[in-house]
Amino acid sequence: MSTSMIPIIALGSAGLYSVAMIAMKFWWKLPGVGLGLLIVATLLAGATLELAALREERLGIIYTGILGAEVVLIAIASFCLFGENFSYREGIGIGLVILGTALAWA
């Protein structure tokens, strides 16, 4: 696997983890076997991509990249799917996570 694929793999992992988190949020409205299987499947797929990325890159970089991307994806989903708003402090926190992730990957 080429090193240039690592950011894409990390982003894919973050996307899958985010889908699992969103499904967990929906669990309280629509619990069921299908949603449970979606949660398990996306967590396992996300972990599989994370393992692939970890073969080629340092743990701290992969961890930072996945969590940074998850913060952005979950913030978008929180706003668009659930109508959740953020305080200024939360917005600044999200911005700092993005900045930290960008610094780590630069």
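A residue counts as buried when its relative accessible area is under 20%, as exposed when that area is over 50%, and as partly exposed in between. Thr42 has a relative accessible area of 7% and is therefore buried. The model described here is a predicted one.

**Residues of helix H2**

- Thr42 is found in helix H2, a helix that covers residues 33-56.
- Leaving aside neighbours within four places in sequence, the contacts of Thr42 are with Leu16, Val19 and Ala20.
- Because its relative accessibility is 66%, Val33 counts as exposed.
- Between Val33 and Ser13 there are 23 Å in space, C-alpha to C-alpha, and the two are 20 residues apart in sequence.

**The loop between H2 and H3**

- Glu57 is situated in the loop between H2 and H3.
- Glu57 counts as partly exposed because its relative accessibility is 24%.
- When residues up to four places away in sequence are not counted, Glu57 touches Ile6 and Ile62.
- Although Glu57 and Ile6 are 51 residues apart along the chain, a distance of 7.6 Å separates their C-alpha atoms.

**Packing of H2 with H3**

- The axes of H2 and H3 are 9 Å apart, and the two helices pack at an angle of about 145°.
- The crossing of these two helices, H2 and H3, is right-handed.
- On the H2 side the contact is made by Glu50, Ala53 and Leu54, and on the H3 side by Leu59, Ile62 and Ile66.
- Sorted by class, the residues in the contact of H2 with H3 are five nonpolar, no polar and one charged.

**Packing of H3 with H4**

- Helix H3 (residues 59-82) and helix H4 (residues 88-105) have axes that come within 9 Å and cross at roughly 150°.
- The crossing of H3 and H4 is left-handed.
- H3 contributes Ile61, Ile62, Thr64, Gly65, Gly68, Val71, Val72 and Ala75 to this contact, while H4 contributes Ile94, Val97, Ile98, Gly100, Thr101, Ala104 and Trp105.
- The contact of H3 with H4 has ten nonpolar and five polar residues, and no charged residues.
- Ile62 of H3 takes part in the contact with H4, in the contact with H2, and in a contact with Glu57.

**The aromatic pair and its surroundings**

- A pair of aromatic rings is described by the distance of the centres and the angle of the planes.
- The count of aromatic pairs comes to one.
- This pair is formed by Phe26 and Phe82, with 5.1 Å from centre to centre and 50° between the planes, and it is tilted.
- Phe26 counts as partly exposed because its relative accessibility is 29%.
- Phe82 likewise counts as partly exposed, because its relative accessibility is 23%.
- Lys25 lies over the face of Phe82, at 5.5 Å from the ring centre.

How values were computed: Residues numbered from 1 in each chain as written. Predicted model: local features only at pLDDT ≥ 70, side-chain atom pairs only at ≥ 80, totals over all residues. Heavy atoms only, no water. Helix = DSSP H or I, 4+ residues; strand = E, 2+ residues; numbered from the N terminus. Buried < 20%, exposed > 50% of the residue type's maximum accessible area, 1.4 Å probe, protein only. Axes fitted to C-alpha atoms, helices over the stretch in contact; angles between N-to-C directions. Left-handed = near helix turned anticlockwise from the far one by under 90°. Contact = heavy atoms within 4.5 Å. Nonpolar A, V, L, I, M, F, W, Y, C, P; charged D, E, K, R; others polar. Phe/Tyr/Trp six-rings, centres within 6.5 Å; stacked < 30°, edge-to-face > 60°. Lys NZ or Arg CZ within 6 Å of the ring centre and 35° of its normal.
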